[in-house]
Amino acid sequence: MVLLCYNNIAMSYLIDTHCHLHDQEWFTPEQAEDFLTQAHEKGVEQVVVIGTDPGDSAAAEQFATAHENVFWTYGIHPEFLDGHTEADCDDSLLKSCNREKLVAIGEVGLDYHYEGYDRERQIRLFEQMLQLAKDNNLPVSLHIREAFEDAFGVLDNFPEVTGVVHSFTGSKKCLRQVLERGFYVGVNGLATYTTPPLPPLEKMLLETDAPFLTPTPFRGTINSPAMIRTIAEYLAENMGVAIETLAEQTTNNAKQLFHFRGSLIRSGQ
């Protein structure tokens with residue numbers, strides 16, 4: 001077990017399994033560097049930057065390649081359904097990528113929140129992304145909003161594919177169905193100011209979704225991977241477990257799902 005020191009307290013290191021730190025619409029390169037440094041100072045030793053369309057995924061790959069202990073995903077978010085081609089879903093697309101740092105297919109899934117959504121096209125894209133994950137033996141990072149019934153129907157056609165339901169906002173019944181299918185559940189700052197049902201610790205991943213979903217008490221400021229620490233402390237207190245226990249379990253969960261490669265920047269401090 002790797003321990004880090006934070007405020008003179010030894011603890012297992014933390015992982016931000018879902019953020020958008022590479023996205024220059026939200027972060028300047030200088031901000032991204034500063035936020036990575038701040039994250040490491042708070043014990044966040046690995047970060048996953050999430051692709052939301054082909055261009056954004058390429059930016060995530062580039063960012064991860066340039067930074068130690070940063071990993072990336074390839075995906076087409078259901079909100080970005082328009083503008084992609086069949087080639088963007090082709091297995092050959094990933095063969096020239098930085099496969100060593102590619103840890104998942106995502107952010108992919110279904111989103112029926114906004115009026116005018118195209119259900120059939122979203123499902124077709126979701127199926128293509130799941131097939132891409134299956135062909136490349138990669139887990140998925142799922143975005144599912146107000147579409148769990150359809151999502152479960154699609155997922156059941158790909159029983160080999162596992163992954164995490166990012167930023168879970170479903171019911172307790174949906175949570176049970178997610179867990180029955182062997183998926184992890186991503187918990188972020190939403191848990192500090194709303195009351196989503198929480199998964200058991202052994203199926204929980206920590207995430208920020210930075211720059212979005214800033215946790216209490218920092219609402220109104222831009223979110224960053226360093227705030228994983230705030231989320232972890234809040235969850236540990238409210239779940240009645242030691243912060244070290246929560247950190248160690250969620251980190252082990254992330255390592256098991258994503259099969260991180262590479263060494264830590266700091267170890268055994």
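**Entry 1: salt bridges.** I counted 7 salt bridges, taking each as a side-chain nitrogen of Lys or Arg within 4 Å of a carboxyl oxygen of Asp or Glu. Side chains of opposite charge can pair when their charged atoms come close. The model is predicted, so I note that local features need pLDDT of at least 70 and side-chain atom pairs count only at pLDDT 80 or more, while totals for chains, interfaces and linings use all residues. Residues are numbered from 1 along each chain as its sequence is written, and side-chain values use heavy atoms, with hydrogens and water left out.

**Entry 2: Arg145 and Glu79.** I found a salt bridge between these side chains, at 3.2 Å from N to O. Arg145 is in strand β7 (residues 140–145), whereas Glu79 is in the loop between β5 (70–74) and β6 (102–111), 66 residues apart. For such elements I used DSSP runs numbered from the N terminus: helices (H or I, at least four residues) and strands (E, at least two). A network of salt bridges links Glu79, Asp111 and Arg145.

**Entry 3: Asp150 and Arg119.** I looked up their salt bridge and found the closest N and O atoms 2.6 Å apart. Asp150 belongs to helix α4 (residues 148–155) and Arg119 to helix α3 (residues 119–135), so the pair ties together parts 31 residues apart in sequence. Asp150 is buried, at 17% relative accessible area, and Arg119 is partly exposed, at 41% (buried is under 20%, exposed over 50%, partly exposed in between; 1.4 Å probe, protein chains only).

**Entry 4: Arg229 and Glu233.** I found their closest N and O atoms 2.9 Å apart in a salt bridge. Both residues lie in helix α6 (residues 228–239), 4 residues apart, about one turn of the helix. Arg229 is buried at 7%; Glu233 is partly exposed at 35%.
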